[in-house]
Amino acid sequence: MADDKTVSEDFAIEEGLEDLAALDEIEAIRAERDELRDRFMRALADAENARKRGERDRREAEQYGGSRLARDLLPVYDNLNRALNAATDEQKAAAAALFEGVQLTLRELTNVMTRHGVKPITPKVGDMFDPQNHEAMFEAPVPGTKAGQIIQVMTEGFMLHDRLLRPAQVGVSSNTGA
């Protein structure tokens, strides 16, 4: 009978060891499951971030993709404006059809630029200088002005939607007193 007791004890020990091995195996499977779930969730988040980034890049390309073309057309706008402003009244009367054609061309260019989100920045003499939208080409002390006031506008600036395409070029008063 002593042998029977030893056999049953050995059997119980073996069952306990098998149970421990099974528990270890279950724990290993759970750890692997948790690791795979974590990797899956990270991959899912990465895919969602890539989708959002792609959508944002597509929107930006749609909005700002033509910025180089728009920037290259600004000198054309400036030259048409200069041509209109340089003509005297006698020249305008003598070449009325030509003058009207230049005006129509400038108007059409302005309409096309506006349709594509290009809007002019048109400061006026007396406005305050804004470094976000203006570029100071010179400073001069002009009587009757305050420091930082615009005293001359050389060229208009332009925005492409909410981004600065070109700052307005201005002259600024450097007076220290009013």
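Phe138 lies in strand 2, where strands are DSSP runs of E with at least two residues and helices are DSSP runs of H or I with at least four residues, both numbered from the N terminus. The model is predicted, so local features need pLDDT of at least 70 and side-chain atom pairs count only at pLDDT 80 or more, whereas totals for chains, interfaces and linings use all residues. Residues are numbered from 1 along each chain as its sequence is written, and side-chain values use heavy atoms, with hydrogens and water left out.

**Strand 2**

At 32% relative accessibility, Phe138 counts as partly exposed; buried means under 20% relative accessible area, exposed over 50%, and partly exposed in between, with a 1.4 Å probe and protein chains only. Not counting residues up to four places away in sequence, Phe138 touches Ile151, Gln152, Met154, Val170, Gly171 and Val172, contact being heavy atoms within 4.5 Å. His134 lies in strand 2, which covers residues 134–140. His134 counts as buried because its relative accessibility is 10%. Leaving aside neighbours within four places in sequence, the contacts of His134 are Ile121, Pro123, Met128, Phe129, Ile150, Pro167, Ala168 and Val170.

| Residue | Relative accessible area | Class |
|---|---|---|
| His134 | 10% | buried |
| Phe138 | 32% | partly exposed |
| His161 | 32% | partly exposed |

Phe138 and His161 are 23 residues apart in sequence and 28 Å apart in space, C-alpha to C-alpha.

**Strand 4 and its partners**

His161 is found in the loop between strand 4 and strand 5. The hairpin of these strands has 2 residues between them, and His161 takes a positive phi near 55 degrees there. Most residues other than glycine have a negative phi.

Strand 4 and strand 5 (residues 163–166) pair in the antiparallel sense over 3 bridges; two strands pair if DSSP finds at least two bridges between them. Strand 1 (residues 118–121) also pairs with strand 4 in the antiparallel sense, over 4 bridges. Phe158 of strand 4 is the bridge partner of Pro120 and stands opposite Arg166 in strand 5. From strand 4, Gly157 and Met159 point one way and Phe158 and Leu160 the other way, and all are buried.

**Nonpolar cores**

A nonpolar core is a set of buried Ala, Val, Leu, Ile, Met, Phe, Trp, Tyr and Cys residues joined through side-chain atoms within 4.5 Å. Of the 15 residues in the largest core, Tyr77, Met113, Val118, Phe158 and Leu165 touch the most other members. Helix 2, helix 4 and strand 4 (157–160) each supply at least two residues of this core. A second, separate core of 6 residues includes Ile121, Ala168, Val170 and Val172. Beyond its neighbours within four places in sequence, Phe158 has contacts that include Leu74, Lys119, Ile121 and Arg163.

**The largest pocket**

The largest pocket has a volume of about 200 Å³. On a 1 Å grid over the protein atoms alone, a pocket is an open set of points where a 1.4 Å probe fits, with protein on both sides within 12 Å along at least five of seven lines; lining residues have an atom within 4 Å of a point. Grid points are joined across faces, edges and corners, and the volume is the space filled by probe spheres set on the points.

Among the lining residues are Glu62, Gln63, Leu73, Met113, His116, Val118 and Leu160. Helix 1 (2–64), helix 2 (67–86) and helix 4 (96–115) each supply at least two residues of the lining, and helix 2 gives the most, with 3 residues. The lining divides into 7 nonpolar, 4 polar and 1 charged residues; Ala, Val, Leu, Ile, Met, Phe, Trp, Tyr, Cys and Pro count as nonpolar, Asp, Glu, Lys and Arg as charged, and the others, Gly among them, as polar.
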